[in-house]
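Here's a quick briefing to read alongside the model. Keep the sequence and the 3D view open while you go through it.

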Amino acid sequence: MSMFTEDPTLPVAVLLMAAACCFVALRVRQEGKYLIWGGVALALAGGVAAFEWAWVTEKERIEGVVHDLRRALLASDSQRILGHLTPDAQFVQAGSSMSPEATRALIAGNVSAAKFDLVRVRELQASAGSRTRRGKAEFKVFARGSVQGPFGFGGLSGAADTTWSLGFEETRPGVWKINRITPISTPLSPALFAGGATPRPPEVGHYPGMERGRGRGERDRDRDLGNGPAPSRMTRKDLAREHERERQLGQDRFGASR
């Protein structure tokens with residue numbers, strides 16, 4: 001089943017080759033059975049391709065959430081991001097966890113004050129456990145933008161490369177939400193944070209309001225298997241368009257930022 005839902009290239013290619021062989025045999029031997037066999041092979045190839053485009057796997061649902069987060073960042077829409085979080089979602093870093101309330105406040109303050117003109121997601125790897133209904137997504141983000149100072153005065157601008165790990169859980173069938181946010185690599189870049197949060201590398205201390213020890217989010221990360229939809233259902237075609245858009249944005253990544 002996974003062959004058809006994840007990558008149908010092989011079965012479709014085999015069926016197309018079989019159809020081509022049948023049509024060649026039809027031309028050489030002039031027997032009607034080859035026409036029938038070729039037509040059946042073509043129909044099966046079309047059916048497999050159509051099924052692959054229509055069916056969205058749990059892994060792709062998680063990828064859809066990540067891409068919707070990117071769009072929300074570009075729009076500085078903190079409420080859209082918060083809508084992808086579970087009520088007990090935690091910010092976890094360096095063995096410390098932030099309370100769900102502080103996590104939401106951090107996101108709301110930072111995203112609302114920041115304005116991004118480029119957010120590019122790459123090297124996205126997602127996985128989902130069919131039994132545990134837990135998942136994980138790890139990816140890198142190149143972002144360029146600015147942050148407004150207090151009361152609208154001042155501001156900073158800059159760009160940074162970061163690496164993130166998100167824990168997911170399926171809150172209801174087909175709906176995946178984030179229960180853990182972990183920065184793996186966050187180089188110092190004040191322009192990408194609002195004044196209320198102090199960015200620092202993972203090995204430097206703890207964020208304000210974070211409690212020492214292994215929180216629920218950290219334990220969730222340990223049992224993640226390695227992988228929801230966004231509020232609206234994403235099809236495989238939507239994901240393909242998103243990947244193509246990201247690829248085009250990446251071509252002028254360093255030229256535009258430097």
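Is C21 buried or exposed? C21 is exposed, at 51% relative accessible area, where buried means under 20%, exposed over 50% and partly exposed in between, using a 1.4 Å probe and protein chains only.

Bear in mind that this is a predicted model, where local features need pLDDT of at least 70, side-chain atom pairs count only at pLDDT 80 or more, and totals for chains, interfaces and linings use all residues. Residues are numbered from 1 along each chain as its sequence is written, and side-chain values use heavy atoms, with hydrogens and water left out.

**The chain overall**

- The chain runs to 258 residues, and 45% of them count as buried.

**Cysteines**

- A disulfide is a covalent bond between the sulfur atoms of two cysteines.
- Here the cut-off is a pair of cysteine sulfur atoms within 2.5 Å, and the count comes to 0 disulfides.
- The closest cysteine sulfur to that of C21 belongs to C22, but it's 7.0 Å away, so that is too far for a bond.
- C22 is in no disulfide either, and at 13% relative accessibility C22 counts as buried.

**A nonpolar patch on the surface**

- L16, F23, L35 and L42 make up a nonpolar surface patch, with about 340 Å² of accessible area together.
- The elements giving two or more residues to this patch are α2 (9-29) and α3 (32-54).
- Patch members need over 30% relative accessible area and no salt bridge; nonpolar side chains (Val, Leu, Ile, Met, Phe, Trp, Tyr) are joined within 5 Å, and like charges within 9 Å.
- F23 lies in helix α2 and is partly exposed, at 31% relative accessible area.

**The largest nonpolar core**

- This core has 29 residues, of which A137, F139, F168 and I178 touch the most other members.
- A nonpolar core is a set of buried Ala, Val, Leu, Ile, Met, Phe, Trp, Tyr and Cys residues joined through side-chain atoms within 4.5 Å.
- β3 gives the most to this core, with 6 residues.
- Leaving out residues up to four places away in sequence, F139 touches several others, including V66, V121, L124, W164 and L166; contact means heavy atoms within 4.5 Å.

**E123 and F139**

- E123 lies in strand β3 and counts as exposed, at 52% relative accessibility.
- E123 and F139 are 16 residues apart along the chain, with 5.3 Å between their C-alpha atoms.
- Setting aside neighbours within four places in sequence, E123 is in contact with E138, F139 and K140.

**Positive phi without glycine**

- S76 isn't a glycine, yet its phi is near 55°.
- S76 sits in the loop between α4 and α5 and is buried, at 14% relative accessible area.
- R133, also not a glycine, has a positive phi of about 60°.
- R133 is in the loop between β3 and β4 and counts as partly exposed, at 25% relative accessibility.

Key:
Accessible areas come from the Shrake-Rupley method with a 1.4 Å probe; for residues, only the protein chains shown count as cover. A salt bridge is a side-chain nitrogen of Lys or Arg within 4 Å of a carboxyl oxygen of Asp or Glu. Helices (H or I, at least four residues) and strands (E, at least two) are DSSP runs, numbered from the N terminus.
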